[in-house]
Amino acid sequence: MFEAFRARAEAVSAEVHRVGGSAEALAFVAEVLAKEGVAAQAGARAVWAPGPLVAGIDRDALAARIPGLTFDVTREAAAESRVGVSEMDWGLADTGTVVQDATDPALRLVSTLPEIHVALLPSDRILPSLGDVLPRLDPRTAPYVAFVTGPSRTADIERVLTIGAHGPSRLVVVVHGAGAAPAEVTP
């Protein structure tokens, strides 16, 4: 299922990387942030929304290792950040779409305001299609669901494709967990 997801996501200009478990995913994100120059002295910033992957780590230690990274998600922090990191709930293999219960405004801020969105996706949460995710969505508990297929794009203006017009110009999907081979670690 991963290969189908990857092929479809890359066809719409998303970058897809496969790593092992949670530790490898965290290390990969740290590499992406370093490569993007996220550091207080350089002025580049990153904002990371809360989620299960970062719930069990020492966020202060990680933020100390990566100057410019904050877990304090505000509109201002997200707007000033080059990179936003969030955890996705599902991936759809038939379209390369990542799906997120984005009821928490912090998730929407980090996935729409920064120039780059790093989306963390557990490998066991890739489903075949939209029909497989719909029964898992309950509008009473998840009234705001985001479906993200590639970086932001529009062709509204004179039918000229513009990337990043209404959101991030780059989508980096990091698939991690059981069944994910640590074959790639280069962002």
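Because the model is predicted, local features need pLDDT of at least 70 and side-chain atom pairs count only at pLDDT 80 or more, while totals for chains, interfaces and linings use all residues. Residues are numbered from 1 along each chain as its sequence is written, and side-chain values use heavy atoms, with hydrogens and water left out.

## Overall make-up

The protein has 7 helices and 12 strands; these are DSSP runs numbered from the N terminus, helices being H or I with at least four residues and strands being E with at least two. Of its 187 residues, 46% are buried. Here buried means under 20% relative accessible area, exposed means over 50%, and partly exposed lies in between (1.4 Å probe, protein chains only).

The accessible surface comes to about 9,000 Å², and 54% of that belongs to carbon and sulfur atoms. Such areas come from the Shrake-Rupley method with a 1.4 Å probe, and for residues only the protein chains shown count as cover. Among contacts (heavy atoms within 4.5 Å) between residues at least 6 apart in sequence, 75% join residues at least 24 apart.

## The nonpolar cores

A nonpolar core is a set of buried Ala, Val, Leu, Ile, Met, Phe, Trp, Tyr and Cys residues joined through side-chain atoms within 4.5 Å. The largest one has 24 residues, and L33, W48, L69, V83, V118, L120 and V174 touch the most other members. Two or more residues each come from helix 2 (22–35), strand 2 (46–48), helix 3 (52–55), strand 4 (83–87), strand 7 (116–122) and strand 12 (170–176). Helix 2 gives the most, with 7 residues.

Leaving aside neighbours within four places in sequence, W48 is in contact with L26, V29, V54, L62, L69, T70, F71, V73, V85, E87 and L120. A second, separate core has 15 residues, including V16, M88, I126 and V175.

## The second largest pocket

The second largest pocket has a volume of about 180 Å³. On a 1 Å grid over the protein atoms alone, a pocket is an open set of points where a 1.4 Å probe fits, with protein on both sides within 12 Å along at least five of seven lines; lining residues have an atom within 4 Å of a point. Grid points are joined across faces, edges and corners, and the volume is the space filled by probe spheres set on the points.

Of the 13 lining residues, G51, P52, E87, M88 and D89 are the closest to the pocket's centre. Helix 3 and strand 6 (97–101) each supply at least two residues of the lining. By type, the lining divides into 6 nonpolar, 3 polar and 4 charged residues. In this count Ala, Val, Leu, Ile, Met, Phe, Trp, Tyr, Cys and Pro are nonpolar, Asp, Glu, Lys and Arg are charged, and the others, Gly among them, are polar.

## Single residues to look at

The table gives C-alpha to C-alpha distances for some residue pairs.

| Pair | Apart in sequence | Apart in space |
|---|---|---|
| A146 and T97 | 49 residues | 9.8 Å |
| G91 and T149 | 58 residues | 9.8 Å |

A25 sits in helix 2 and is buried, at 0% relative accessible area. Its contacts are V19, L53, L120, V174 and H176.

I116 belongs to strand 7 and counts as buried because its relative accessibility is 2%. I116 touches E36, R82, V83, G84, P168, R170 and V172.

G91 lies in strand 5 (residues 90–92) and is buried, with a relative accessible area of 0%. G91 is in contact with F5, T97, V98, L121, R125, I126 and L127.

A146 is found in strand 9 (residues 145–148). At 16% relative accessible area, A146 is buried, and A146 contacts V98, V99, Q100 and A102.

Finally, S13 is located in the loop between helix 1 (2–11) and strand 1 (15–18). S13 counts as partly exposed because its relative accessibility is 43%. The phi of S13 is near 75°, a positive value in a residue other than glycine.
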